[in-house]
Amino acid sequence: MNSYTYASSLFASGSNVRTVIDRFQVYPQDGVEVVLLVSNKANAGALLMATELNVPTLVLKRGGFNHSGELLDDLKHFNFDFIALAGFLWLVTAYLV
């Protein structure tokens, strides 16, 4: 059993969101908790799914994503250890790596 809990920010917009979040909610002993869903589509079904599963959401704008200050300021409000990309197709900029 894992003695650590890792918080993840999930960057996604599709139906795989429910599978990923459900997986870690059903198996908390794995030590991963999804603490934020980030999407680049304001009308993505994933946002509703995350809300139904009590996971906060954030919608990205292209300009804010390409300029580190804006996105990093938004992400500071969430304490997470890593970012998981699940169908997120934008090129990830160097400041997030």
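Strand β1 and strand β2 (residues 32-39) are paired in the parallel sense, with six bridges between them. The structure described here is a predicted model, and in it the protein has four helices and four strands. Followed along the sequence, these elements give the pattern β-α-β-α-β-α-α-β. Of the 97 residues of the protein, 36% count as buried, and among the contacts with a separation of 6 or more, 67% are made by residues 24 or more positions apart.

**The sheet**

- The four strands are arranged as an open sheet in the order β3-β2-β1-β4, and their pairing is parallel.
- The edges of this sheet are formed by β3 (57-59) and β4 (82-86), each of which pairs on one side only.
- On average, and with direction ignored, neighbouring strands of the sheet are turned by 30° against each other.
- β1 and β2 also belong to a right-handed β-α-β unit, in which the helix is α1 (residues 16-26).

**Strand β1 and its two partners**

- β1 is largely enclosed by the rest of the structure, because six of its seven residues are buried.
- Towards β2, Leu10 stands opposite Leu37, within the pairing of six bridges that joins these two parallel strands.
- Towards β4, which runs parallel to β1, there are five bridges; Ser8 stands opposite Phe82 of that strand, and the bridge partner of Ser9 in β4 is Ile83.

**Ser8, a buried residue of β1**

- Ser8 lies in β1, the strand that spans residues 6-12, and its relative accessible area of 2% is under the 20% limit, so Ser8 counts as buried.
- When residues up to four places away in sequence are not counted, Ser8 touches Val32, Glu33, Val34, Val35 and Leu36, and also Phe80, Phe82 and Ala84.

**Ser39, a buried residue of β2**

- Ser39 lies in strand β2 and, with a relative accessibility of 0%, counts as buried.
- The side chain of Ser39 reaches the backbone nitrogen of Lys41, at a distance of 3.1 Å.
- Apart from neighbours within four places in sequence, Ser39 is in contact with Ala12 and Ser13, with Ala44 and Leu47, and with Leu58, Val59 and Leu60.

**Helix α2 and the residue that follows**

- Helix α2 (residues 45-52) has buried residues at Ala46, Leu47, Met49 and Ala50.
- Seen down the axis of α2, these buried residues fall within an arc of 165°, so they line one face of the helix.
- As a general point, an α-helix has 3.6 residues a turn, so residues three or four places apart point the same way.
- The cover over the buried residues of α2 includes α1, β2 and β3; one of those buried residues, Leu47, is also among the contacts of Ser39.
- After α2 comes Asn54, which has a positive phi, near 65°.

Notes. Residues numbered from 1 in each chain as written. Predicted model: local features only at pLDDT ≥ 70, side-chain atom pairs only at ≥ 80, totals over all residues. Heavy atoms only, no water. Buried < 20%, exposed > 50% of the residue type's maximum accessible area, 1.4 Å probe, protein only. Contact = heavy atoms within 4.5 Å. Pairing = 2+ DSSP bridges. Axes fitted to C-alpha atoms, helices over the stretch in contact; angles between N-to-C directions. Right-handed = clockwise from strand over helix to strand, strands pointing away. Polar contact = N/O pair within 3.5 Å; in protein donor to acceptor, adjacent residues only side chain to side chain. Arc of directions from axis to C-beta.
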